[in-house]
Every structure is written in structure tokens, then in C-alpha cells.
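Subject: Structure handover

Hi,

Here is the structure I said I would pass on. Have a look at it first, and then read my notes below.

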There are 2 protein chains.
Amino acid sequence: MAGKEPLVITGKDEMRRWSRSARAKGKTIGLVPTMGYLHEGHLSLIQESHNHADLTVVSIYVNPGQFSPNEDLSTYPSDFLGDVEKLKSVPGGVDVVFHPRNLYEYGQNDGMKQGENGLKRKEGKVVSCLENSGAGHETWIRVERLEKGLCGKSRPVFFRGVATIVTKLFNIVEPDVAVFGKKDYQQWKIIERMVRDLDFGIRVIGGDLVRDPDGLAKSSRNVHLSPEERVKALSISKSLFNAKLAAETGKVNCKELRDSVIRAIHEAGGKVDYAEIVDQESLETLEEIKRPVVFCVAALFGNIRLLDNMEINV
Amino acid sequence: MAGKEPLVITGKDEMRRWSRSARAKGKTIGLVPTMGYLHEGHLSLIQESHNHADLTVVSIYVNPGQFSPNEDLSTYPSDFLGDVEKLKSVPGGVDVVFHPRNLYEYGQNDGMKQGENGLKRKEGKVVSCLENSGAGHETWIRVERLEKGLCGKSRPVFFRGVATIVTKLFNIVEPDVAVFGKKDYQQWKIIERMVRDLDFGIRVIGGDLVRDPDGLAKSSRNVHLSPEERVKALSISKSLFNAKLAAETGKVNCKELRDSVIRAIHEAGGKVDYAEIVDQESLETLEEIKRPVVFCVAALFGNIRLLDNMEINV
């Protein structure tokens, strides 16, 4: 089955015209923002969008604004043609792939000279998360409490970049619904909060985390794991499953649960960035599980930073 | 002439429904955001909106998010019924007055308890510009370079509050055009930049500053000036006019021009917060006038902080 061929749009104005025309016909629009290199996790978000909207737009854009200069922007995997093929295979397909070139470029008077930012990608000029001089991009959105913990500790400007690019995509695509993966749990909660606080007329849907059959959480970055590292990385999901089971059978002391996960990852040769049990809404760390929580882990195997989490609803 | 009676809307959802219904009929919408206590300056912005949009929404909302605890939120003048009468007198009238109660309240689970923020207005709970605890509002927009100078020096969180409330109003009203007064020159430039950087599908229009016959720039805060202070405050516009004339006839040294304005205001008994000659786009201070500039002044007479500015296009 060939599947539906999506319309590929690269321009902001053309994207907005398409959306407004669709809405004028009474259609609702779902947006699934991605950085490409799509896997089954992304495809499940598209199916979630089909459940809530008439039409679905998938954006594919590696956002330089959320990477620090020392992070992996330049090696972030991409395969646009392969992505489009995968999108055709989704039941119902998608209507539009929004694939902009550079969302931080504003024409002749934007003051960003080639190379000025010390950070470039082969497809053109970008800004990093850092301030640049001149008349370049300088507007950033902070979700001041939720952005601080978990990934925010080791990536202090990451969520600033995420909130800002998602706002830009919201303003360009003007969707009714937007779907985010619970794999990036903190990101999902930050976008939910931002949508509430800034009064966007958009409903945010959280899509379930998708795992490989052996338990590893799907991630575009998994492609960089060596076969050996991949096996070792299973320590994350295995120890999380064990902790969830322990919590559900009465072990509610967070320190003990965290220690068991940290130990398992260390023993497999991984480096734990954090392993925290937090409230599902406030993301505040807890000492004892008395209400619904989420156990969030970030760990490195080799140079590859992996995220995983499990909701524990006791 | 009785004039057109505007529809008064207080709810966010009702406001968005009205806008979407109007746009579905092919109408364009202009938004004029105000804090009420309207004067001829505001009314001229409404006429500007008529020039660019089919329908006009005026929002009246004193935004607590842009006041520091030591500022004049509690004494900011208000006269809603008087405002509605003035709006009826504008040729063409306005279609909607959006007059929300509290744009930082998000229902039962927002975590803001009465009085928790130490800052209240009689019409209900508000947040100040400061972070509060719990699940209250925590998303703020920064226009990081333009917000720093001029008013940003003495009011470090002011433009954070302005950018954030304007984004909220944009997302609730969903206008095609928004009109801001050049009286608040830095605010106008910050909103222009924010709209560009966040890809809002909205055109920003700057409306000319309006003066009383004697030259004083119109401001809602003028009502607090005593008759004596009011006369003394004319030193601002008079010295600015003189500086503009001097610049246009060849005097391009900014220090000399600034000194003349500062001296005139001091001699009249005012306290200068700043008197800066800046680039019209970057708002960077200049030493010599070689291109279009704007001469911006903030000064206090009594406790009343007054703004004025003049563009100098040499």
C-alpha cells in the first residue's frame, strides 16, 4: 500500500495559509512537532492526533535554539526522505509535513551574519541557545518553575528553547490540538503549563511512551548506541520496571527506590544524570510515594544521553 | 449622537468565540490593548485600528504582572463606565470591549490562595511580577536585548509583564492587527520584535503620540498631577521640542542635547530617570545623531512618573 502522500511545506506564510484555509472549511488541525528521524513513538503520536483532529500536520525541524554549544546539534540524526516514507505508512497518513529551513532567520534586516554565532548547520545559518548581537532573534519564553528540575539542571537553557520553538510552531500552524510524547515527560508538562499560562487556544495531548520489544524507550538517539551499549542501556527500563513493581507492592520510600535504579545503571556501566521520583504535575521531588508520581531517569551510555520514565499511580 | 454601543465581554472563551466567528465570516480584527482610563491618545489608536481592520476590540485590563510591589498598581486610575462612554464617542465606535477580571487565574487547581502573593486588588486575586509558589502562573516572555535599556533599567521586570500579557491577549483575541502607542516607544518596539521572533500572524501598528494643546504628552497618570506639577511637567515636552529643533538645524552631539533636556527638567523641579537618544530600531544609545533616532525621556514630578519622546529623522 503506497499510503497518502503528504504535502510538504517549507515556508511559514504558506503553512499559515494552508491552516487558515482548512479552518475556514470547518476542519480541525492536529500538530505533532518533531525533530525528525521518526520512529514508532512519533508514529503513535500521529495516530493520537487522528483521534482528536480532522487533519494532521507533522513538523520536522531540528531546533538549534534548544541545544547548548557543547551539545549534539551537529550530530543529531536526520533522514527527511525516510521520514516521509514512514509517514506514508501510518494508517490515515498525514496531511502536511512542515519542514522549514531556519525558523530564526527574519530576512535582510535580522542582523545575523554568516558564522556570527559560531554555530552553523550545513543547511544554513542558525542561532544557538545563546544571545547573539545585532537584530537577531532575542525573544525567549521561560516556564520558570517547571524548567528548573530534572533535565533543566544539566541543560539550563534547553526548555527555554523548547518553549520558544513550540510557540513559534503554534503561531505558524495555528492548530486546535498538539500532541507531545510522554517520553519527554518534563517537556510535555512544560508545554501544558505554557499553553495554560499564555492562553493558547490549543489542547495539549500527551501520547504514551513507546518501547522496543526488549523494553528500551524509543528515541532518535538510539541509533548512535553500539550493539553493546544498547544491551547495557536496558538496565534503565529494567530497573525502572522493578522499582514501579516494588512501589505498587508497598515500597514507598523514594530514596530506596532511587538507589536501586542508580545502582543498576552504574553496574551496567552507565552514568546517571538524574533518577528522580516527582509529583506528576508540579514535578517536585518527593520522599515518599503517597500520590501519583512519575519516576524520571536520564543516563548516559557512551556519549548518548537517554531518557526514560514511568508513571506510578498508587 | 449616542454612538455605537460596544459589546462588553469578560470571559476568555467568549472572547475567542466572538473572534473566531467574526473571522469565519471573513472579517479582520484589530486589537487595541489598554489599561483603561482612556484619553484622546487611546481614542486615536482606535481610529488607527479602523484604518486597518473591519472590526475593533479594545481590551481594558490593568495588568498586575507588569508592576513591581513598590509601584503604583493599587493607585492606577480606573473608570470603566466612563471609558465605555468615551468609546461610544469615537467615530465608528468599537465592536467589543474585552474587560477580563483576572487573566492570571486558572480555576480550582491554580494553587493561588487568596493573599498568597502579598499583592491584591479589590476586584480579586492577582499575581505580581514576582514568582509565587504552587501551581500559579509561571510562564514569562523576555525580549532580552530591547527590554534592558531605558525604562528597563529602573523597571527590570516591567517588559516581561508587558510581553506576557500582550501574548495572552493575542492568544485570546486572535486579532489580525494590533495597535500600540508610540508614546510607549520601547514597549511598541518590544512588541514588534516579539511578534517577529515568535511568528505571530499579527501586524503591529504604531500610533502617534498625542499631546494636550500645551504640549504635555497624554497619559492616564496625568490625572494625579497637581495643577502646579502639571505646569512644571511641561518642561519635558518643551525641552524635547527645543532639542529636536537644535538637532534638525545641525546640533548632533547627543551629550549636549541630553544635558539641555536634563537641565531644563531639573530646573523645573523634576527628577530625571533617563534622557537618552537612541537608534529607532535597536534602541542603542548614540553619541552623535547620524541616522533616525528617538529622544526618550522618563521623569518624575512629585511621585508621578511621566514618559515622553520625539523621533528625530535627520
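With five residues, α5(B) gives the most to the lining of the second largest cavity. Helices and strands here are DSSP runs (H or I of at least four residues for helices, E of at least two for strands), numbered from the N terminus. A cavity is a set of points on a 1 Å grid over the protein atoms alone where a 1.4 Å probe fits but cannot get out, and lining residues have an atom within 4 Å of a point.

Before I go on: this is a predicted model, in which local features need pLDDT of at least 70 and side-chain atom pairs count only at pLDDT 80 or more, while totals for chains, interfaces and linings use all residues. Residues are numbered from 1 along each chain as its sequence is written, chains are lettered from A and ligands numbered from 1 in the order in which they are written, and side-chain values use heavy atoms, with hydrogens and water left out.

Back to that second largest cavity: its volume is about 690 Å³, where a volume is the space filled by probe spheres set on the grid points, which are joined across faces, edges and corners. It is lined by 35 residues, and the closest to its centre are B:Met35, B:His42, B:Tyr76, B:Asp184 and B:Gln187. Besides α5 (158-173), the elements of chain B that give two or more residues to this lining are β2 (29-34), α2 (40-52), β8 (177-181) and β12 (304-312). By type, the lining splits into 16 nonpolar, 11 polar and eight charged residues. For that count, Ala, Val, Leu, Ile, Met, Phe, Trp, Tyr, Cys and Pro are nonpolar, Asp, Glu, Lys and Arg are charged, and the others, Gly among them, are polar. Domain 1 (7-207) and domain 2 (220-309) of chain B both give residues to the lining, so the second largest cavity lies between them. The domain bounds come from an automatic or database domain assignment.

A total of 48 residues line the largest cavity, and A:His42, A:Tyr76, A:Lys183, A:Asp184 and A:Gln187 are the closest to its centre. Among the elements of chain A that give two or more residues to this lining are α6 (185-197) and β11 (293-301). The largest share, six residues, comes from α5(A). Here the residues divide into 23 nonpolar, 16 polar and nine charged. The largest cavity lies between domain 1 (7-207) and domain 2 (220-309) of chain A, because both give residues to its lining.

As for those two domains of chain A, their centres, taken over C-alpha atoms, are 27 Å apart. Their contact takes 23 residues from domain 1 and 17 residues from domain 2, contact meaning heavy atoms within 4.5 Å.

Now the cores. A nonpolar core is a set of buried Ala, Val, Leu, Ile, Met, Phe, Trp, Tyr and Cys residues joined through side-chain atoms within 4.5 Å. Buried means under 20% relative accessible area (1.4 Å probe, protein chains only), exposed over 50%, and partly exposed in between. The largest core has 97 residues, and A:Phe170, A:Met194, B:Phe170 and B:Met194 have the most contacts inside it. Leaving out residues up to four places away in sequence, B:Met194 touches residues including B:Phe170, B:Phe200 and, from chain A, A:Thr139. Another core, of 28 residues, lies apart from it and includes A:Leu216, A:Leu225, A:Leu257 and A:Val261.

- A:Lys168 is in helix α5 of chain A and counts as buried, at 0% relative accessibility. Among the residues it touches are A:Tyr104 and A:His137, along with B:Asp197, B:Leu198 and B:Asp199.
- A:Leu234 is in helix α7 (residues 227-248) of chain A. Its C-alpha atom is 5.7 Å from that of A:Leu216, 18 residues apart along the chain.
- A:Asp199 is not a glycine, yet has a positive phi of about 60°. A:Asp199 is in the loop between α6 and β9 (203-207) of chain A, and is buried, with a relative accessible area of 6%.
- B:Leu283 also has a positive phi, near 60°. This residue is in the loop between β10 (271-279) and β11 (293-301) of chain B, and at 10% relative accessibility B:Leu283 counts as buried.

Cheers

Technical notes: 1 Å grid on protein atoms, 1.4 Å probe; cavity = no way out; pocket = protein on both sides within 12 Å on 5 of 7 lines; lining within 4 Å.
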